[in-house]
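Subject: Structure handover and notes

Hello,

Here is the structure we spoke about. My notes on it follow below.

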Amino acid sequence: MEVEQAQAVPMDRDAWVFHMRKEFCPEEMVEENGDLNQDYFQPKSTDDESLKWNEEDDKRLRAGIQKFGIGMWDGIKTEFLPIWDEIAIRIRTYHMMGTQDLSKYENWKGDEKAIEAEREKNIEAAKKEGAFAFGVQVKKEFGNLEVKEKENESKKTNQKGKAKDKKSK
């Protein structure tokens, strides 16, 4: 018994792309004419209050840190913060701890007072080092941010002065 093989109908490139998009992409991603819906790729609005961190979420995060320790994102997510992904939990933790570098706190456990004490310590150290940005201590390999900011301002001033000199010539 012979099996008939389907004959492939040659398609031009645009027809093939349209077919593949309709076949494999979510319906809301593709326009009726086969073009991609650019709105589909825009960041989703966070006006929804359920997608913003609130005091209750912070309390749950502190409880998760106290029970599981920093770095144990899966346990914290599963038991305390199921609506948040592990990346969001980690980012919120570094804001809570006052430092981007959580490696020194791997498996560290502490209650609300201990977390606040570490935050204050990290912020104070960051300000002394010139490594304070966005409300947290940033990694030292970025260098002294205050010095870099002054250097950037100096470069901008020099560039403006050079531009004025060229105009006056």
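The model is predicted, so local features need pLDDT of at least 70 and side-chain atom pairs count only at pLDDT 80 or more, while totals for chains, interfaces and linings use all residues. Residues are numbered from 1 along each chain as its sequence is written, and side-chain values use heavy atoms, with hydrogens and water left out.

Overall layout

The chain has 6 helices and 2 strands. Helices (H or I, at least four residues) and strands (E, at least two) are DSSP runs, numbered from the N terminus. Read from the N terminus, the order of the elements is α-α-α-α-α-β-β-α. Of the 169 residues in the chain, 25% are buried.

Aromatic pairs

Rings of Phe, Tyr and Trp (its six-membered ring) pair if their centres lie within 6.5 Å; planes under 30 degrees apart count as stacked, over 60 as edge-to-face and the rest as tilted. The count by this rule is 4 aromatic pairs. One of them is W53 with W84: the ring centres are 4.4 Å apart and the planes are at 10°, so the pair is stacked. W53 is in the loop between helix 1 (13-24) and helix 2, and W84 is in the loop between helix 3 (73-79) and helix 4, so the pair ties together parts that are 31 residues apart in sequence. W84 counts as buried, at 10% relative accessibility.

F80 belongs to another pair, with F68, which is edge-to-face at 6.2 Å centre to centre and 80° between the planes. This pair links distant parts of the chain, with F68 in helix 2 and F80 in the loop between helix 3 and helix 4, 12 residues apart.

Nonpolar core

A nonpolar core is a set of buried Ala, Val, Leu, Ile, Met, Phe, Trp, Tyr and Cys residues joined through side-chain atoms within 4.5 Å. The largest one has 21 residues, of which W53, L61, I65, I70, I76, L81 and I89 touch the most other members. At least two residues of this core come from each of helix 2, helix 3 and helix 4. Helix 4 gives the largest share, 5 residues.

Largest pocket

The largest pocket has a volume of about 160 Å³. Pockets come from a 1 Å grid over the protein atoms alone: a pocket is an open set of points where a 1.4 Å probe fits, with protein on both sides within 12 Å along at least five of seven lines, and lining residues have an atom within 4 Å of a point. Grid points are joined across faces, edges and corners, and the volume is the space filled by probe spheres set on the points.

The lining of the largest pocket consists of D58, R62, R92, H95, M96, E112, I115, E116 and R119. Helix 2 (55-68), helix 4 (86-97) and helix 5 (112-129) each give two or more residues to this lining, and the largest share, 4 residues, is from helix 5. By type, the lining has 2 nonpolar, 1 polar and 6 charged residues. Ala, Val, Leu, Ile, Met, Phe, Trp, Tyr, Cys and Pro count as nonpolar, Asp, Glu, Lys and Arg as charged, and the others, Gly among them, as polar.

Single residues

- R119, from the pocket lining, and V136 are 17 residues apart along the chain, with their C-alpha atoms separated by 8.5 Å. V136 is in strand 2 (residues 136-137) and counts as buried at 2% relative accessibility.
- T78 is in helix 3 and counts as exposed at 58% relative accessibility.
- M72 is in the loop between helix 2 and helix 3 and is partly exposed, with a relative accessible area of 37%.
- N107, in the loop between helix 4 and helix 5, has a positive phi, near 65°, and is not a glycine. Most residues other than glycine have a negative phi.

Regards

Definitions and conventions
Buried means under 20% relative accessible area, exposed over 50%, partly exposed in between (1.4 Å probe, protein chains only).
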